[in-house]
Amino acid sequence: MSGFEQAGPDSEKPALKKENIELKISSGGRSLVSDEHPDHNEDAIMQSPEKGIFGIFDGMGGMAAGEVASGIARDFVGNQLLEMPANVTAQEATETIRKNLLEANQKILKHVQENPDHRGDRAHQRGGAPC
């Protein structure tokens with residue numbers, strides 16, 4: 001499994017300190033099923049408050065195995081962000097996230113090729129990383 005916290009009850013992490021500024025981050029995650037597919041949820045949430053990393057990966061409702069695609073994207077991108085140095089610039093972080101999302105897309109496409117019954121897997125990502 002991945003090295004970041006899964007969505008769940010609200011969590012409170014120790015304060016982050018940088019340049020004499022103290023920031024306390026509390027986070028939680030929740031996702032609801034939709035009317036189109038009330039029997040399952042295809043979203044994947046990642047959170048690592050101690051690193052300031054949060055994201056929502058939306059498995060496109062109605063697509064085959066959208067929850068698999070969103071999980072692949074969350075696990076890959078989340079693990080890559082956890083390895084990113086804390087001192088990167090906003091521009092470097094943006095470029096790293098962009099490259100990670102493109103690579104996650106390739107991993108989803110490879111998964112679909114290896115699992116034809118999942119053809120139509122799709123996921124969207126929203127989130128952020130420390131800048």
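Arginine 74 is buried, because its relative accessible area is 10% and the cut-off for burial is under 20%. This comes from a predicted model. Arginine 74 sits in helix α1. That helix covers residues 66-83, 18 residues in total. From first C-alpha to last it reaches 26 Å, close to the 26 Å expected. Its buried residues include Ala73, Phe76, Val77, Leu81 and Leu82.

Arginine 74 has a charged partner. Aspartate 75 forms a salt bridge with arginine 74, with the closest N and O atoms 3.0 Å apart. Aspartate 75 is partly exposed, at a relative accessible area of 22%.

## Salt bridges in helix α2

The structure holds 3 salt bridges. Helix α2 spans residues 90-114 and contains both glutamate 95 and arginine 98. Their side chains meet in a salt bridge at 2.7 Å, N to O. The two residues are 3 apart, about one turn of the helix. Glutamate 95 is partly exposed at 31%, and arginine 98 is partly exposed at 42%.

Lysine 110 and glutamate 114 also meet in a salt bridge, at 3.9 Å, N to O. They lie 4 residues apart in helix α2, about one helical turn. Lysine 110 is partly exposed at 49%. Glutamate 114 counts as exposed, because its 53% relative accessibility is over the 50% cut-off.

## The β6 and β7 hairpin

Strands β6 (residues 43-48) and β7 pair in the antiparallel sense over 6 bridges. Isoleucine 45 stands opposite isoleucine 56 in β7. The hairpin has 4 residues between its strands, and glycine 52 takes a positive phi near 70 degrees.

Strand β7 runs over residues 53-59. Ile53, Gly55, Phe57 and Gly59 form its covered face. Phe54, Ile56 and Asp58 form the uncovered one.

How values were computed: Residues numbered from 1 in each chain as written. Predicted model: local features only at pLDDT ≥ 70, side-chain atom pairs only at ≥ 80, totals over all residues. Heavy atoms only, no water. Expected span 1.5 Å × (residues − 1). Buried < 20%, exposed > 50% of the residue type's maximum accessible area, 1.4 Å probe, protein only. Pairing = 2+ DSSP bridges. Salt bridge = Lys/Arg side-chain N within 4 Å of Asp/Glu carboxyl O.
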